Structures are given as structure tokens and as C-alpha cells.
Amino acid sequence: MSGQLPDSAPPATARQRQAKEWPADGVDDAVGDTLVGQAVTINRPASELFSFFRDFANLPSFMENVERVEVLDAERSRWAVKAPGGKTVEWTSGITDEVPDRLIAWASEKGADVPNSGRIDFRPAGDRGTVVTATILYDPPAGAIGRLVAKIFQREPAIQARRDLRRFKQLMETGEVASAARTRKQRDEEKG
Amino acid sequence: MRALTWHGKHDVRIETVDDPEIINPRDAIIKVTATAICGSDLHLYDGFIPTMQKGDILGHEFMGEVVETGPASTLRKGERVVVPFTIACGNCYHCGKHQYSACDNGLPADNQDIAQTLYGQPMSGLFGYSHMTGGYSGGQAEYVRVPFSDVGPIVIPDGVDDEEVLFLSDILPTGWMAAENAGIEPGDIVAVWGCGPVGLFAVQSAFLMGADRVIAIDHFPHRLELARKFGAETINFEESKTYDALMEMTGGIGPDACIDAVGLEAHGFFVDNVWDQIKASTFLGTDRAHSIRQAIIACRKGGRVSMPAVYGGFIDKFPLGAFMEKGLTLKTGQTHVQHYMPGLLQAILDGKIDTTFLISHRLPLEEAPEGYRMFHDRQNEVTKVVLKPGLAAA
């Protein structure tokens, strides 16, 4: 496949990002030019993780910046996501590929505030559980400067993906998302 | 409730703060009956640990009575429990291997970034020990919220005094794991650097594991006296040359197992400059990295080195050549408290381990700032301060 690295290292770990040459291995109809890749091992069966994730209404329970996901039909969903500066960005997303217990791929439809696409892979890992890999492509608003601003406000997708996957792991392994809050008021403030 | 809060270097206060509440299903709220000041709390007190915030509640050695439980807690109201200082989930791959201090899920997701950057992977959460270890409110308070209460706290049978079991929370399992990591075999000669609480528990543990002789090294006369009480031979390093003494006392062979329990008080996550500050400004500090070097040089060929002492950053002049040429084994790590609690509780109930000898001072929680002051200033005779919220102020 053109643009693929010659060794086993995932494309998102390349020293020089080559997303334009990289036709997003397996992401059909790639939308976006900035690549984020993140893997986490979760000590639960792939089927359980897939089922929970596939019900998109569950996602705000561990995706901190996702305000809500409205499931429109079997393929399409409407997303509202917090952005830097107290703004909210929205888009409609459609499933582009799906293999039960293994893979969910999506792409945003035309008119998205932040065009994006990606895939979540669920790969059984023996007694360690399941390796969950998120691969996300997106067009940051206002290009590189927007990305920098987002990073400062910790709403940058790479940071967010890393933390969201940790929370997904916590929720699936322990039944709850870890919090150091002493009072419910503190916890609500943390969630912003 | 009343709680001991941190405000900066040598500035801890008793304040009234909001009571803890159940946040997650597996939580429990504990009414604290006894809590101790740990040597590592002094590093917070000295202002060496980064990511502290004004108002943080300190304390990671505590026990008490269950007063409230979340729907997924297995504890019952009224039960007395000792709480491990490590916050671990019991569900992840590492907890499955009983590597509780390496738990994947004890730290809130956002707090994991710092440890991941420093160490490659994030560690478990800790009570009352800066925001790098989670920012959890600690146990030097009237009440504590305890996450994962179905896997952490151990229930204490009636009729056992708080003071006998309080140290199951940290220093007893830490001393025991230090001895276990030294791979002690019957007939061994074991050397222990540092006669603080962990070193003294390591001395007792080494004998229980079959060591023939234990040699304890320190410079505080009272602490060396306590080590002798448990049958150890002692070396005061201010009066004798440690390496020379060890070689003479082992017939020129060197100890079979060496335990570096100096500076072990620090459960912390130092960064380099902080480390250098400690080396420069504390009495034992300059000897701190020295103790691990000395352990490696003194250890017999093919021997074992155990390091409960916490090293958070980098040290220089590590004797890698001696380590390799002599074929030594080094084992270390933050304590997997949950793994050791049941066996050690039984050892206490069976009268095999003495825990209360360590306690030199008992104070009401209201006098905790004075407890920090005296623990900090008078290390020879102040070996352990236990705070009791129920005790009337003098």
C-alpha cells in the first residue's frame, strides 16, 4: 500500500507525518489530514467492548468533551462536541465499515464543523483482553494555529483520544471512571 | 470535617473542609480512628514534591470505621478496616498478577500523563500525595472517601487494637516486601541500610524468612537500639566505615542480601532538580544515593539487592560495572500492599510480628501540625507519630 512505512511501526508514530500520502489504511473515504493513533489494552472480551462502543449513546460516559450523541438511524449519528473557547462544534457522522466485534469505521458528512473520519479496531489479545486501537483523521479548525490553541486548552484530539481511551478502559474494567474528587460538587466541576 | 491541609513549606494546618461523599459505585466513606505521619509526608512538609496544591489533605496511613458505602462496595457499615496507601482497581491485568502498585486504573485519566511522561507508563493512585499520584484527599482527617473499597481495605476482627494493625496500610508490607525481594534463604547474612520504620520491619521480616544474621546500618542511636531489640547486629556509620565493617563481619565475603531502606520514606515522584535539592539540603540526603551504591559494592558475588528506598529520578555514578561483574540481582518497586495484607494481618494476630514498638507519640488530630514539627526536628526519638481524631486535645 502506498505511503505505508517499511517496518511494523504504526503510521501515527512516524517522525514526519505523511497523512496526505497515507490513504488512511482501512479508513475508506478518508476525511481530514491530521492523523491521531492510540492503542490501549482492555482486560475484557472484544465482543463486550464492541457492543458498548457501537451504542454511540454510551460514548459521552467516557468521552469527556462529547456533550451528546444522538443516534439518527442504524448508520448515522449527530455529534455535539466541546471546542476551545467555550464553543460547541457539531457534525453528522455515518458508518463506512463495520465488522461485528472487530471494527467500526466512520466519516463525517459534508458540512461538518470539524471534518473527521476514523476507525476503532478491537483485536483479541489472549489473557490480556483486547487491544483497542483508535485511528482518527481530522481537519483542525483554522489549521495549525487552531491545533495549537486546542492543545493549550487540552481539547486537542491526540490528548483527548488518549484520555478518552483510558476512561473507556476504566469504565469497562472497573465499572466506573476514576475520580479524585472528594465531593460531588468537585466532581461536577472537573467534568466542566 | 476537620483535616490536616498543606499550604506550603513547613505550613500545614488543621482546617474545616467539606465532608467526603460517595462519588463512584465502589466507594466507601471511612471515619478515621487512627492515622500516622509517614517519613514520606516530611517531603511534602519540606516542599520537595511538585504538583501539590494549597488545601490538599495529607495522609496515606490510616484506618477507621465504615460509615457509608456505594452500591458496589462489599463493606458493611460499622466494620473496622485498614486502608492500603495504593489505590488499585483489582480488575486490570496488573492487579490480576497482584502487582497492585502498577494498577492501570487507580489514577484519573488526566493525571496519568505526568507519570507516563516520567516513567513510560502510569502507576497506581496514592492517597494524600500530590496530584501526580492522583490528587486524592488523604487520611489525616476525620473522614476519607476510599475508592475501590471492595478490593482495598481489609476488615479487622473485633478485639484487636488499632495500633497493632494500623501499619498494614504501608510500612509493614513495605518492609516485608523489601525482605521478600531480597530472596532470603535460610542461613543468609542480610544487611539493611536505614533503621526507619521500613528498615526495622525489614529486619523483623528477614529473621522470619530464615536469615541467620541481620546487620542494620544507621546513625541514630535510638533507632539502632530498636534494631538490636529484634536481634540485629548494628553499625553506626558515623562511627565506623560501613563497607569495612561489613566485610569484617562477614569473613570477607560480603552480605548475601542487601536491603537499601534509606530514603524509603519517599513514596514520591521526584524530578531531578528536586532530587538534587534533597541531596544538598538534608542530613541523610547526601548519603541517599550513596546507600544503593554501597549496597552494590558490599554485596557478595552473586548476591541479591533489594531497594524499597524510593528513587524517583536519576542517579549518577551508579556502579553498573560492579553490578554486572558480580552477577547481582536487583529487585525494587512500590509496595503491592493489597497482596500482603491478609498474610501480615494473620502474622500480627499470631504474635509473630511486633508493630506497636515503633509508636513514640500519640496526638489528637487537632495537634497534627505539632506532630509534623517534632517528627521533622527530632528524628532520633520521634520514630512514629500516630494521630487520633477521637482523642481529646490536651
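Which residues have the most contacts inside the largest nonpolar core? This is a predicted model, where local features need pLDDT of at least 70, side-chain atom pairs count only at pLDDT 80 or more, and totals for chains, interfaces and linings use all residues. Residues are numbered from 1 along each chain as its sequence is written, with chains lettered from A in the order in which they are written.

The core has 113 residues, and the ones with the most contacts inside it are B:I30, B:V190, B:V192, B:A202, B:A216 and B:I259. A nonpolar core here is a set of buried Ala, Val, Leu, Ile, Met, Phe, Trp, Tyr and Cys residues joined through C-beta atoms within 7 Å. Buried means that 20 or more other C-beta atoms lie within 10 Å of a residue's own, with C-beta atoms placed from the backbone. Domain 1 (2–170 + 336–388) and domain 2 (172–332) of chain B both supply residues, so the core sits between them; those bounds come from an automatic or database domain assignment.

Because 10 of its 12 residues are buried, α6(B) is largely enclosed by the rest of the structure.

| Feature of α6(B) | Value |
|---|---|
| Residues | 197–208 |
| First to last C-alpha | 17 Å |

After α6(B) comes B:G210, with a positive phi near 105 degrees.

Finally, 26 residues of chain B are in contact with 20 residues of chain A (C-beta atoms, placed from the backbone, within 7 Å).

Note on methods
Contact = placed C-beta atoms within 7 Å. Helix = DSSP H or I, 4+ residues; strand = E, 2+ residues; numbered from the N terminus. Expected span 1.5 Å × (residues − 1).
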